[in-house]
Amino acid sequence: MDIKEELIKLREKIKGAFTSESAKALAGHLKNSKMVVLDDKVDEFIDWFTENMVKGNYTDIGEYLIPIDMRNFIEKMAVWYELRYPDYEINRIMPGSSQEQIDINEVMFKNNQYINDILDEDSEIKDLDWAEFYNTKAFINSLSWSERYVFSRPKYPNIVYWNLGHGIAHLHLTRNGFVEMAEYMDCVIHGISNEELEGKNIKEIVNMLKERDVKFPENNEFEKAIKDYDNCVYQREEMLNCVMYRIIERGGNRFGPRRAFLFAKEFGRNIDIPMAYGVDSSDPGLRLFVNEYIKAGGDKNLVCYIGYGSRASKYEKLSTITIQELIMTQHNNDATFYTPEEDELHQRLVNVLYSRINQSELTEEQKKEKDEEVKQLRLQRKLEKSYQTRK
């Protein structure tokens, strides 16, 4: 049996392993559960935002309008990412359809009449990259203050009182909630000095108090500060998630998930989500998309919906497939099963196997000669590198 036959046999073995009961159970979990519609996730966030960040903090008008503003901003950010990466650019980066003969850099810089009117033909501005030009920092800086605040880093108050209005025990905090100074807290926590609290996070101190069954006053700012901080963190994180959801929903079967995948990598989102909603069985670039997902650290056990972007109704029940099943069954194209990258990896594996076989057939004398050749080559490289450095 030659090396090629061994590789084919190994592939079939792996494929068979993934049709085991455990793999079927993994896929069945999603098949039997209610499909999660991404627009519903956006609605859930707006409801949470209204309840936890808006109510009680604004007038009636504010309570009505501010959640609308948040929804509009999520949409605005999704549109910005579409402008930054139009469909034809997404298709160039991760092919999935026939390529349009449009280059975003030419549209925005080389063929821009405004630029051509004020700059000469040799201007270096025409060598700019649009995606880098319209980058995240530029987008954020272009926003009004009322929109830009959502990107602010959450921070704790400078001072929090143990019992606001009824005592002087308090903590001085860093923006991340660590105690810079504690004053009169030794009256609250008996047996522990103020100095011992310094350097601890306020969450650690609250846990310490609860473990000692210390009764928290109604007006304590410790728990409120923690809740407010955690809410701000959640708001920022889930807002970005919602932008990713809208990018998927707005872009259809192919462009949306691929664009959201780029967004997820740039903004530290979960790359599983664009992939789970990005399987179109008729997509000629699906295997390439899967490869990009795997290279980014994706999970081969991930269960994906098939055809989420082309469903006939909002809650249509969809079939599912795992990434591993896709790898084992989805052809790269009509002519080849593997992608060029996979063929290259296979060839490297074959080369390594042949090298090991040839090595095992050498006599001891031949092995010594090969080792000496390798040593001489390494010494030659070191001398050349040293010479180049001195130059």
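Helix H3 (38-54) and helix H13 (221-251) each supply at least two residues to the lining of the second largest pocket. Helices here are DSSP runs of H or I with at least four residues, numbered from the N terminus. This is a predicted model, where local features need pLDDT of at least 70, side-chain atom pairs count only at pLDDT 80 or more, and totals for chains, interfaces and linings use all residues. Residues are numbered from 1 along each chain as its sequence is written, and side-chain values use heavy atoms, with hydrogens and water left out.

A pocket, on a 1 Å grid over the protein atoms alone, is an open set of points where a 1.4 Å probe fits, with protein on both sides within 12 Å along at least five of seven lines; lining residues have an atom within 4 Å of a point. The second largest pocket holds about 540 Å³, the volume being the space filled by probe spheres set on the points, which are joined across faces, edges and corners. Its lining has 22 residues, and those closest to the centre are Met53, Tyr149, Asp228, Cys232 and Gln235. H13 gives the most, seven residues. By class, the lining has nine nonpolar, five polar and eight charged residues. Nonpolar means Ala, Val, Leu, Ile, Met, Phe, Trp, Tyr, Cys and Pro; charged means Asp, Glu, Lys and Arg; the others, Gly among them, are polar.

H3 and helix H4 (residues 60-84) cross at roughly 140 degrees, and their axes come within 10 Å. Axes are lines fitted to C-alpha atoms, for helices over the stretch in contact, and angles run from 0 to 180 degrees between N-to-C directions. H3 and H4 are therefore oblique to each other, since angles under 35 degrees count as roughly parallel, over 145 as roughly antiparallel, 65 to 115 as roughly perpendicular and the rest as oblique. Where they are in contact, meaning heavy atoms within 4.5 Å, the H3 residues include Phe45 and Phe49, and the H4 residues include Ile66 and Met70. That contact divides into nine nonpolar, two polar and three charged residues.

What is the angle between helix H12 (residues 202-211) and H13? About 135 degrees, with the axes 10 Å apart, so H12 and H13 are also oblique to each other. Ile202, Lys203, Val206, Leu209 and Lys210 in H12 meet Phe222, Glu223, Ile226 and Asp230 in H13. Here the division is five nonpolar, no polar and four charged.
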